[in-house]
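Subject: Handover of a structure

Hello,

I am passing this structure on to you, with notes on what was found in it. Please look at the sequence and the coordinates before reading on.

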Amino acid sequence: MRDEAYRNWLQGKISSRPISDSISRCRRIEECLKLDLDEEYKKDGGRGLIALLEYTADDEGLNRPAPEEIYFTPGSNIRSGMSSLRSAVKKYFEFCRATL
């Protein structure tokens, strides 16, 4: 992940707190899944990773767990957490489309 370039690209698009949150979420995905977002983008435009991070209302209703590599504290709303992670990764891939 190109942290500083991504931070600079986000400037003016969103405020500073969400910028830090987005970067943290992207780092969390890279660490948990042991991957590089830039490599995932180069592989298939990020589609495979975005699909992995999908967690639907049906998943929630059936109490399906998140991917085992992505830890949530007990009692956390997994659907909301997965949505936040997925949104951050999608934004990073938008950055990749604009800069690669």
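One term is needed before the rest: a nonpolar core is a set of buried Ala, Val, Leu, Ile, Met, Phe, Trp, Tyr and Cys residues joined through side-chain atoms within 4.5 Å. Buried here stands for a relative accessible area under 20%, and exposed for one over 50%. Please also keep in mind that this is a predicted model.

**The core**

In this structure the largest nonpolar core has 27 residues. Tyr 6, Ile 29, Leu 37, Leu 49, Tyr 92 and Phe 93 are the members with the most contacts inside that core. At least two residues of the core come from each of helix 1, helix 2, helix 3, helix 4 and helix 6. Helix 6 gives the largest share, with eight residues.

**The chain as a whole**

The protein chain has six helices and zero strands, so its pattern along the sequence reads α-α-α-α-α-α. Its C-alpha trace spans about 40 × 30 × 20 Å along the principal axes. The radius of gyration is 14 Å, which agrees with the value near 13 Å that a compact globule of 100 residues would have. Of the 100 residues, 35% are buried. The accessible surface comes to about 6100 Å², and carbon and sulfur atoms hold 47% of that surface. Among the contacts with a separation of 6 or more, 62% are between residues 24 or more positions apart.

**Helix 6**

Helix 6 covers residues 78-99. How far apart are the end C-alpha atoms of helix 6? They are 31 Å apart, in agreement with the 32 Å that 22 residues should span at 1.5 Å a residue.

The buried residues of helix 6 are Gly 81, Met 82, Leu 85, Ala 88, Val 89, Tyr 92, Phe 93, Phe 95 and Cys 96. Seen down the helix axis, these residues fall within an arc of 150 degrees, so they line one face of helix 6. They pack against helix 1, helix 2, helix 3 and helix 4. On the face turned away from the buried side, helix 6 carries the exposed residues Arg 97 and Ala 98.

Tyr 92, with neighbours within four places in sequence left aside, is in contact with Met 1, Arg 2, Tyr 6, Cys 26, Leu 37 and Asp 38. Phe 95, also in helix 6, has a relative accessibility of 1% and therefore counts as buried. Not counting residues up to four places away in sequence, Phe 95 touches Arg 2, Ala 5, Tyr 6 and Trp 9. From Phe 95 to Leu 35 there are 60 residues in sequence and 17 Å in space, C-alpha to C-alpha.

**Helix 2**

Helix 2 has 18 residues, 16-33, and reaches 26 Å from its first C-alpha to its last, close to the 26 Å expected at 1.5 Å a residue. Which residues of helix 2 are buried? They are Ile 19, Ser 22, Ile 23, Cys 26, Ile 29, Glu 30 and Leu 33. Because they cover an arc of only 120 degrees around the axis, they are on the same side of helix 2. Their cover includes helix 1 (3-10), helix 3 (37-44), helix 4 (47-52) and helix 6. Ser 16, Arg 17 and Glu 31 are exposed, on the face of helix 2 turned away from its buried side.

Just after helix 2 comes Lys 34, which lies in the loop between helix 2 and helix 3. Lys 34 is not a glycine, yet has a positive phi of about 50 degrees. With a relative accessible area of 73%, Lys 34 is exposed.

Asn 63 lies in the loop between helix 5 (57-61) and helix 6. Its phi is near 55 degrees, again a positive value in a residue other than glycine. Is Asn 63 buried or exposed? Its relative accessibility is 68%, so Asn 63 counts as exposed.

Regards

Note on methods
Residues numbered from 1 in each chain as written. Predicted model: local features only at pLDDT ≥ 70, side-chain atom pairs only at ≥ 80, totals over all residues. Heavy atoms only, no water. Helix = DSSP H or I, 4+ residues; strand = E, 2+ residues; numbered from the N terminus. Expected span 1.5 Å × (residues − 1). Buried < 20%, exposed > 50% of the residue type's maximum accessible area, 1.4 Å probe, protein only. Arc of directions from axis to C-beta. Contact = heavy atoms within 4.5 Å. Rg over C-alpha atoms; globule rule 2.2 N^0.38 Å. Areas by Shrake-Rupley, 256 points an atom, 1.4 Å probe, with all protein chains shown as cover.
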